[in-house]
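Hi,

Here is the model I said I would pass on.

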Amino acid sequence: MKLTKILSLAALFAIGQNMYAQQTYDFELDTKKVGAPIQSTMYGLFFEDINFAADGGLYAELVKNRSFDFPQSLMGWYTFGKVEVAKNNPLFDRNPNYVILSDPGHVHKRTGIENEGFRGMGFKKDATYRFSVWAKNMNAAGDQKIRVELIDSKSNIIGGEEITINASDWKKYQVTLISTATEDKGHLRIFLASAGSVALEHVSLFPADTYKGRENGLRKDLAQALTDIHPGVFRFPGGCIVEGTDLDSRYDWKKSVGPVENRPVNENRWHYTFPHRFFPDYYQSYGLGFYEYFLLSEDMGAEPLPVLSCGLACQFQNEGEHCHVPVGELDSYVQDALDLIEFANGSTSSTWGKLRADMGHPAPFNLKYIGIGNEQWGKEYPERLEPFVKAIRAKYPDIKVIGSSGPSADGEQFDYLWPEMKRLKVDLVDEHYYKEPEWFLANASRYDNYDRKGPAVFAGEYASHDHSTGKQNNFLSALTEAAFMTGLERNADIVHMCTYAPLFAHVDAWQWNPDMIWFDNLRMMKTPNYYVQQLYAHNAGSNVMTLTRDKKAIAGQDNLYASAVYDKGQNCYIVKVANTGTEAKDIKVTLTGGKKGASYTVGDCVTMQNNDLKSINTLDNPSNLIPQKTSATIEGNVLNIKAQAQSFNVYKIKL
Ligand code: AHR
């Protein structure tokens, strides 16, 4: 090839490069028509007791197996000296076991019990802990004493108090302990400190500083992290936990209310669901039960969305009708749903409304939604859902019912169930998708052509799973979720709710990843996925706006994904742009259709950007991936943006 030709090719290449560098992407934000309202429930939370999310996590109780009613009654406890488990004349009929500590028979010997917590207990220096126990003196001769100690991982005592057990009947004793050190693998030790014997039941230890300072409360940092999202809806208690491995182990909400001491222990299916992540000490205390759930929803300003069993045990684990409640025998299950609505909303003179009032909340919780069934499929599901829908409609016509489209985002079951949900006229259909990052990008326009006449969509469980990194909560997963969510937002006329899943994971005891928030016994780490959810929830807006490029929705062309909303309260437009490409992009957003002479200013602009898609936050470095301020300029009615490579951006345009 001649040199001149080579040069001219090089020149062409350079011009091409230059043109590429200067290319701008023109978006149009049509301000003439304010679109469909965005539901206040749009961005919410999904909670399930998986990964030690409740016991050992959000529920601030530090003692595992506090009532000795795990099937192995001393699981979680070390015993020494003369300790026996008894259950005759129990104090709590649904948690009958208790322990008796007796004199070991020599002045130098010791009797006692020590609890290991949930992979240890977290104590903070100078913090106060509330210890309580139900006890009775088993020795007629005189008062008995126990000594209660906080222990660090090297067996040093970092807090202690003595309690005199002065009654021969069961009585609750309480004492506060102050930790002299910070320790994340602590234990609680209880010695018999007199030469007689005592019976102990429901041994409990909580930090005094719980969320809102409540007794039987929630871990403050974790509950605050949820609140800080500003969730619009709060789904509970799962997930597969709703269904149970069998009907006996389903989540039975009635067992989760009333005095905590008498809430029976339930199996937690996540103890054995994945044999390669086996956690034999994982049970549900129901200490964080439906009352605590409704309270937290109220505290966060989120609509509660309970999901109840439809009479089908987990279909992944059970094949055949014999595992489930026969269709004609669902009455007590249907009644459970009606009673839950009464518990939440009923007058204080109703049976369940009275229990709510007795527990401390006479005012109704104003429940508006209920889900029936989790990931169900086959004809077994609609035929069971039907009697629920009928009964709920008849008694509570204002309650919105949510049905399921099965465990997958598409396929045979999905295609069968959607028409069935329409036939049954449920209000919303729950869709689940745990998929690869590519799927999230390819599905950014998933809802653009959904039927607008049928039930609305609840994207009830989703997360981008980057299998190449063992499903880490890395930036790739967060960015692809952000890109996908532009499609949820654009279609907010039919997508009324979405909740990332799962929510929590204990770093030492997790069964499923990725998860939105990771924690150990003292610390917490918000993942980039958390921040994406938070950016959407904080910038949800009140109405969908039409944002296009070349008259088309922006859903992946040139690696750009974008949506826009109007926010009535702040009188501003909010534009969200994900750039999943490796080049920065200059974008011009022209606001068309506005009043003549309308003037706009740029409000707060935020970005999440990283050149390394595999990067993550950790407990030691929780701020590696966090939203940062960015800027944009506005000239007349044109917003100029530089969307950096691999970034998710939120821009506010004030009117
Ligand atoms: O979120 C974890 C599990 O994923 C849920 O329990 C279940 O609904 C889904 O399969």
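**Cysteines first**

C310 counts as buried because its relative accessibility is 0%; buried here means under 20% relative accessible area, exposed means over 50%, and partly exposed is in between, with a 1.4 Å probe and protein chains only. Before you read on, note that this is a predicted model, in which local features need pLDDT of at least 70 and side-chain atom pairs count only at pLDDT 80 or more, while totals for chains, interfaces and linings use all residues. Residues are numbered from 1 along each chain as its sequence is written, and side-chain values use heavy atoms, with hydrogens and water left out.

Back to the cysteines: there are zero disulfides in the structure, a disulfide being a pair of cysteine sulfur atoms within 2.5 Å. C310 is in no disulfide, and the nearest cysteine sulfur, that of C314, is 11 Å away. For C498, also in no disulfide, the nearest cysteine sulfur belongs to C572 and is 19 Å away. C498 is buried as well, at a relative accessible area of 0%.

**The ligand**

What surrounds the ligand? The residues are E48, G239, C240, W270, N374, E375, H432, Y434, E461, P502 and W512, where a residue is near a molecule if one of its heavy atoms lies within 4 Å of it. Polar contacts are pairs of N or O atoms within 3.5 Å; within protein, one must be able to donate a hydrogen and the other to accept it, and residues adjacent in sequence count only if both atoms are side-chain atoms. E48 places a polar side-chain atom 2.6 Å from an oxygen atom of the ligand. N374 also uses its side chain, with a polar atom 2.9 Å from a ligand oxygen.

**Two sheets**

Helices (H or I, at least four residues) and strands (E, at least two) are DSSP runs, numbered from the N terminus, and two strands pair if DSSP finds at least two bridges between them.

If you want a spot to check, S102 stands opposite S197 in β13.

The other open sheet has three strands, in the order β23-β24-β25, and its pairing is mixed. β23 and β25 (524-526) are the edge strands, each pairing on one side only. Neighbouring strands here are turned by 20 degrees against each other on average, direction ignored. β24 and β25 pair in the antiparallel sense over three bridges, and W518 stands opposite M525 in β25.

Helix α9 (residues 475-490) has 16 residues and should span 22 Å at 1.5 Å a residue; its end C-alpha atoms are 23 Å apart, which agrees. That expected span is 1.5 Å times one less than the number of residues. 16 of the 16 residues of α9 are buried, so this helix is largely enclosed by the rest of the structure.

In helix α10 (residues 528-538), ten of the eleven residues are buried, so α10 is also largely enclosed by the rest of the structure. Among the buried ones are P528, Y530, V532, L535 and A537.

Most residues other than glycine have a negative phi, and most peptide bonds are trans. These are the places to look at with that in mind:

- The bond from F236 to P237 is cis, with omega near 5 degrees; P237 is in the loop between β14 (233-236) and β15 (266-267).
- The bond from N513 to P514 is cis, with omega near 5 degrees; P514 is in the loop between β23 (504-506) and β24 (517-519).
- K212 is not a glycine but has a positive phi of about 60 degrees. K212 lies in the loop between β13 and α2 (220-227) and is exposed, with a relative accessible area of 52%.
- K471, not a glycine either, has a positive phi of about 60 degrees. K471 sits in the loop between β21 (456-464) and α9 and counts as partly exposed at 23% relative accessibility.

Cheers

Key:
Axes are lines fitted to C-alpha atoms, for helices over the stretch in contact, and angles run from 0 to 180 degrees between N-to-C directions.
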